[in-house]
Amino acid sequence: MERKERPFDVIGQLAALRRYARSLVRHSDEAEDLVHDALVRAFEKRKSFRSGGNLRTWLLSILHNAHIDRLRRNRSLTRRHDDAAVEAEQSLPAGQEHAVRLQQVREAFFDLPEEQREALHLVAIEDFSYQEAANALGIPVGTLMSRISRARAQLRQFEETTPRTSHLRLIGGNGNESS
């Protein structure tokens, strides 16, 4: 019996949807809600999906539009920043310096303006081409390139101005540590 490939199989796209949603809203529970909303929309509009089209681009575009709709309904950017800060404070302190640096870079990424963050995420993390990312966001390629350029410049500035040396010090130990 021959297996027929299902063109609307979203299971393989869940990880990308979750990553992108997490990048957009910066909160695990809200990201899961956003993915759920996008999947409901996609299921309801599954007949509009072209069988030869790129399912991942189509789903990420729906996810993006669901996010924009949420922002329009609820202009609570300050609340989301506060939620993200509370979540970061509740995490365990990093045990190694590279983990501290990674946290600093993560915070710098989340401090980017939303349109820059979403553009950079699609190209740098999801490995979309500029055209695919522009299509998913519903913007011209030139606008996407400009947003990515500004995001990268801001992250470069962060790298140049943030000291790499840590102010961590050993507390406790057996007394044999050298100063």
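**An all-helix chain and its ion pairs**

Read along the sequence, the protein chain runs α-α-α-α-α-α-α-α, which amounts to eight helices and zero strands. Helices (H or I, at least four residues) and strands (E, at least two) are DSSP runs, numbered from the N terminus. The model is a predicted one, with local features needing pLDDT of at least 70 and side-chain atom pairs counting only at pLDDT 80 or more, while totals for chains, interfaces and linings use all residues. Residues are numbered from 1 along each chain as its sequence is written, and side-chain values use heavy atoms, with hydrogens and water left out.

Of the 179 residues in the protein chain, 34% are buried; buried here means under 20% relative accessible area, exposed over 50%, and partly exposed in between (1.4 Å probe, protein chains only). As for contacts (heavy atoms within 4.5 Å), those between residues 24 or more positions apart account for 70% of the contacts with a separation of 6 or more.

Now to the inside. Not counting residues up to four places away in sequence, Leu144 touches Ala119, Val123, Tyr130, Ala133, Ala134, Leu137 and Ile139. In H5, the residues Arg101, Ala108, Phe109 and Phe110 are buried.

A search of the whole structure turns up four salt bridges, a salt bridge being a side-chain nitrogen of Lys or Arg within 4 Å of a carboxyl oxygen of Asp or Glu. One of them joins Glu126 to Arg19, with the closest N and O atoms 2.9 Å apart. Glu126 sits in the loop between H6 and H7 and Arg19 in helix H1, so this pair ties together parts 107 residues apart in sequence. Glu126 counts as buried at 3% relative accessibility, whereas Arg19 is partly exposed at 39%. Beyond neighbours within four places in sequence, Glu126 is in contact with Ala16, Arg19, Tyr20, Arg56 and His121.

Helices H2 and H3 are also bridged. The side chains of Arg41 and Asp69 meet in a salt bridge (2.9 Å, N to O); Arg41 lies in helix H2 and Asp69 in helix H3, so the pair ties together parts 28 residues apart in sequence. Arg70 pairs with Asp37, with the closest N and O atoms 2.7 Å apart, and this link, from helix H3 to helix H2, covers 33 residues.

Arg117, in helix H6 (residues 114-125), goes without: this residue is buried yet has no salt bridge, and the nearest side chain of opposite charge, Glu114, is 4.5 Å away. (Lys and Arg count as positive and Asp and Glu as negative; His and the chain ends are not counted.) A polar atom of the Arg117 side chain does lie 3.1 Å from the backbone oxygen of Leu112. Leaving aside neighbours within four places in sequence, Arg117 is in contact with Ser23, Leu24, Arg26, Phe109, Phe110 and Leu112.

Conventions
A polar contact is a pair of N or O atoms within 3.5 Å; within protein, one must be able to donate a hydrogen and the other to accept it, and residues adjacent in sequence count only if both atoms are side-chain atoms.
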